[in-house]
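User: I am new to this model. Please show me how to read its features, one at a time.

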Amino acid sequence: MLEIKELTRRFGESTAVDHVSFEVRPGEMTGFVGANGAGKTTTMRMVMGVLGIDGGEVLWQDRSITRLDRRTFGYMPEERGLYPKQPILDQLVYVAQLKGLGRVAARRQVQELLERFGLGGRAKDHLEKLSLGNQQRVQIIASVLPKPAALILDEPFSGLDPLAVDSMVDLLREHARDDIPVLFSSHQLDLVERLCDRLVVLAHGRRVAAGTVSELRDAGVPRFRLVLGGDAGWVRDQRGLGVLDLDGPTALVEVQHDGAEQHLIAEAARRGDVHEFVRVRPALSEIYREATA
Ligand SMILES: Nc1ncnc2c1ncn2[C@@H]1O[C@H](COP(=O)(O)OP(=O)(O)OP(=O)(O)O)[C@@H](O)[C@H]1O
C-alpha cells in the first residue's frame, strides 16, 4: 500500500500542498480530483521524488519510500517525458530496458502494447509526427512498462478520444486486478465516478474529502424526494426538514433532525396517495462542487 502522510510543500509564501494524507490501496483505483492549482501535480511529484518534501512522508509497504521503490513505479508526469524526435518503438524499448527488461522481451511487450492501442503501424514514426491523442497513448504505454509496482498517473485521460479512454480504462483495471495501487488525477468527473473505487478531493492544497464513491454519496445530509397524489405545499410546515425544491406534487427535502423523514412519510400517507418516497444521493459532481466551494 502507498500512504501519503501529512505531505506538505511550500513555494515561497504559498503552501501548495498542506498536510495532505490519504492511502492508495492495492487492487484499487484512486481518483485524485480538484480544481486547477489545487495541488494534485505537486503531491504526485513529491510521491515520485521529483520534488522535495517540506513536511510529512510517503510510505510504501509500511516503510519510508526509497529511490529504488520509486523506480518500480509507473509514472506519467504532467509534462510527459518522451522525446519528440525519436521513433516511438526505440524510445519505449529503451524505457522498458531501463526498468530491467531484456531487449527481446522489451520489444515484444512494447509491440503488444502498441498493437493494443492501435499504434502497431506507427512504431517507427517519431513521436512528434503523431496526433496529440496518439502521443498521449505512447506516454501511457511508457508508464506501464514493464510491470509497475504502483501507478501514478497525472491526467492520463486528457486529450484521449472515447475509444482510447476505453482502452486506457481496461489497461488500468487490469493493473488494479493484479493488486497494483493506481492513483490518477483527472478533471473528468464522469470518468472518475465510473472508474475509481476511492476518491480524494483537494482544494487549495488541502484534502477536503476522501472515501469510496458510495461513502461520499452517503456522507452528506440525507435527502428525500416525495411525489404525492396532490399538492406537496404542506411539506414546508413539517419540522426538522429543509425544503430544497417544491413543484406541485413533488418535494425535495433534506433531513435536519434525525427521524424527521419518518414523520414526513407518516403525514404524507395520512393525507393521501404517496407515489414515490426515495432517498436521493448526490452525484459526484455535486459532492465535488460542495467540497471545493
Ligand atoms: N515549481 C513551482 N513554483 C512555484 N509554484 C508552483 C510550482 N509548482 C506548482 N506551483 C503552485 O502550486 C499550486 C499547486 O499546483 P499544482 O500544479 O500542484 O496543481 P494541480 O492541482 O495539479 O493543478 P492542474 O489541475 O491545473 O494541473 C499552484 O498554485 C501552482 O501555481
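**Reading the model**

Analyst: Start with a helix on strands. Helix α1 (residues 40-47) lies across β1, β2 and β4 (55-60). α1 runs at about 115° to β1. Helices (H or I, at least four residues) and strands (E, at least two) are DSSP runs, numbered from the N terminus. Angles run from 0 to 180 degrees between N-to-C directions, on axes fitted to C-alpha atoms, for helices over the stretch in contact. Contact means C-beta atoms, placed from the backbone, within 7 Å.

The model is predicted: local features need pLDDT of at least 70, side-chain atom pairs need 80 or more, and totals for chains, interfaces and linings use all residues. Residues are numbered from 1 along each chain as its sequence is written.

User: What is the mean pLDDT of the protein?

Analyst: pLDDT is the predictor's confidence in each residue, from 0 to 100. Here the mean is 91, and 100% of the residues reach 70 or more. For the complex, the predictor gives an ipTM of 0.96 and a pTM of 0.85.

User: What is the order of the strands in the open sheet of four?

Analyst: Strands of a sheet pair through backbone hydrogen bonds, either parallel or antiparallel. Two strands count as paired with at least two DSSP bridges. Here the order is β2-β1-β4-β5, with antiparallel pairing. The edges are β2 (14-24) and β5 (63-64), each pairing on one side only. Seven bridges link β1 (residues 2-11) with β2. One example is R9, whose bridge partner in β2 is V17.

User: How is the pairing in the open sheet of six strands?

Analyst: Mixed, in the order β6-β7-β8-β3-β9-β10. β6 (74-76) and β10 are its edge strands. Strands β3 (residues 29-33) and β8 (residues 182-185) run parallel, joined by four bridges. Helix α6 (residues 162-177) packs on this sheet, touching β3, β7 (151-153) and β8. Helix α10 (residues 284-292) lies across β3, β9 and β10, at about 35° to β9.

User: Which residues are around the ligand?

Analyst: Look for a C-beta atom, placed from the backbone, within 6 Å of the molecule. The residues are F11, A16, G34, N36, G37, A38, G39, K40, T41 and T42. α1 gives the most to this shell, with three residues.

User: How far apart are the centres of domain 1 and domain 2?

Analyst: Domain bounds come from an automatic or database assignment. That assignment gives domain 1 (2-217) and domain 2 (220-292). Their centres, over C-alpha atoms, are 41 Å apart. In domain 1, 13 residues contact eight of domain 2.

Notes
Contact = placed C-beta atoms within 7 Å.
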